[in-house]
Amino acid sequence: MPSFQSDSPAMLNDLKVANRKAVLQVFRSGDTYDANEVSEITGLSRPTVMKCIHYFMESGIIISRGKGKSTSTGGKRPEQFSLDEERYYVCLSLWPQETRVHLYSIKHDSIASRTINEPLPETSRDASRRLAAAVSDLLGENQIAPSSVVAASVSVPGTVDHETGTLLFSSHKPEWGTHIHLLDDLHALLGTETPLFIENAGKMCARPYLADPDVRTKRVLVLFTTWGLSGCMIERGHILNGRNALIGEIGHMIIDPNDPEACGCGSHGCFERLVSKARVNQMLREHHQDSEPTPVYTIPQIFARSSAGDIPVRDTLHTLAGTFARALRNITLVFDPDLVIFQGDYGHADPYFESELRSQMADFRYLPTSHPFEIRFDQRPLEEMDAEGSFFALDHLFFDHVDHYQS
């Protein structure tokens with residue numbers, strides 16, 4: 001005769017955790033709900049929902065909003081709940097020419113921000129201090145205690161070890177060395193229990209695309225182009241990193257080993273040096289040898305001049321399109337993307353550049369001559385994409401943190 005056993009403690013705990021995750025997922029939208037509404041959304045009983053809500057109220061993640069409106073039948077007004085907007089995310093960007101700090105509530109309300117227009121500090125120790133000081137100052141100005149910060153992120157130029165939370169190397173500051181600890185002062189300020197996330201700037205700026213259902217079905221290469229050049233490779237909703245965090249460091253792909261300019265990585269002929277603003281302006285000066293000195297243009301300004309029909313500019317863009325075509329040919333051989341997205345400076349490309357890029361890609365016989373992959377040009381500011389990507393990363397880090405759900 002078969003025996004019937006009750007659920008084991010482990011199974012009951014798993015069910016409890018699953019219920020808590022389901023309830024908190026509802027509140028993740030930032031909206032206000034009563035227990036009946038959460039019950040209807042999750043399919044859990046009202047008593048189970050209330051147990052979960054009380055659990056999160058004890059940890060301070062959910063708060064009561066008081067009584068809602070009366071029902072149409074005149075019943076008792078239900079108590080309403082929401083996330084506590086006095087819990088915060090801190091998003092930091094330690095970029096070559098500026099440091100930014102942005103403060104969000106966990107309901108995605110932008111609270112405050114600050115930009116420090118200074119280049120990277122001379123030492124990594126000073127960089128760590130700058131990050132903590134920027135956060136401390138912003139919190140103090142808004143009368144927010146460090147203990148109210150539930151997660152923080154740092155966007156940096158260079159390769160990152162996510163497991164140890166270190167910057168492995170940055171060609172923008174090779175003198176910092178390797179395995180650089182930038183988070184020590186933040187840990188001291190916010191507490192060692194506060195989750196911290198450090199990420200390569202190009203990958204941080206690509207994270208907003210993970211919310212796009214179309215991107216989640218494709219192999220996508222996002223090209224970050226501004227003070228550097230890197231790529232974020234996304235395969236069906238997952239960012240690829242690799243053992244040494246080198247997947248996507250395509251700016252250091254050697255295109256012309258005989259090029260005289262040395263890169264911060266120690267090589268010559270790196271992709272990012274051949275398409276940099278300085279190199280493009282140098283090429284334009286060479287086109288104007290017999291005329292008056294040319295001003296220094298930004299990459300978007302150069303595309304604007306091309307749209308106006310400037311012949312020397314178009315000659316330069318023809319060369320640049322060839323450089324991008326060779327790099328994309330090499331990338332395609334190992335990644336074969338469905339979609340390539342240009343961000344930053346080259347996100348402002350004009351139709352002439354796109355036409356030249358497609359034309360020169362067509363010389364590669366392995367690829368279809370018409371559309372080897374879809375190309376998009378995203379003109380949104382990188383600072384905006386970085387802030388959005390940082391919030392996106394922290395939202396997942398915080399709400400997926402197992403400690404929230406286990407007693």
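**Salt bridges and their surroundings**

Mentor: Arg236 counts as partly exposed because its relative accessibility is 45%, the class between buried (under 20% relative accessible area) and exposed (over 50%), computed with a 1.4 Å probe on protein chains only. The model is predicted, so local features need pLDDT of at least 70 and side-chain atom pairs 80 or more, while totals for chains, interfaces and linings use all residues. Residues are numbered from 1 along each chain as its sequence is written, and side-chain values use heavy atoms, without hydrogens and water.

Glu235, at 26%, is also partly exposed. Its side chain meets that of Arg236 in a salt bridge of 3.6 Å, N to O; the term requires a side-chain nitrogen of Lys or Arg within 4 Å of a carboxyl oxygen of Asp or Glu. Elsewhere, salt bridges that share partners join Asp212, Asp214, Lys218, Glu374 and Arg376 into one network. The whole structure holds 25 salt bridges.

Another pair is Asp395 with Arg28, whose closest N and O atoms are 3.2 Å apart. This pair links distant parts of the chain, 367 residues apart: Asp395 lies in helix H12 (residues 382-399) and Arg28 in the loop between H1 and strand E1 (33-34). Helices (H or I, at least four residues) and strands (E, at least two) are DSSP runs, numbered from the N terminus. Asp395 is buried at 11%, and Arg28 is buried at 15%.

Arg125 and Asp185 form a salt bridge of 2.4 Å, N to O, between helix H4 (residues 124-141) and helix H5 (residues 184-190) respectively. Here Arg125 is partly exposed at 39%, whereas Asp185 is buried at 17%.
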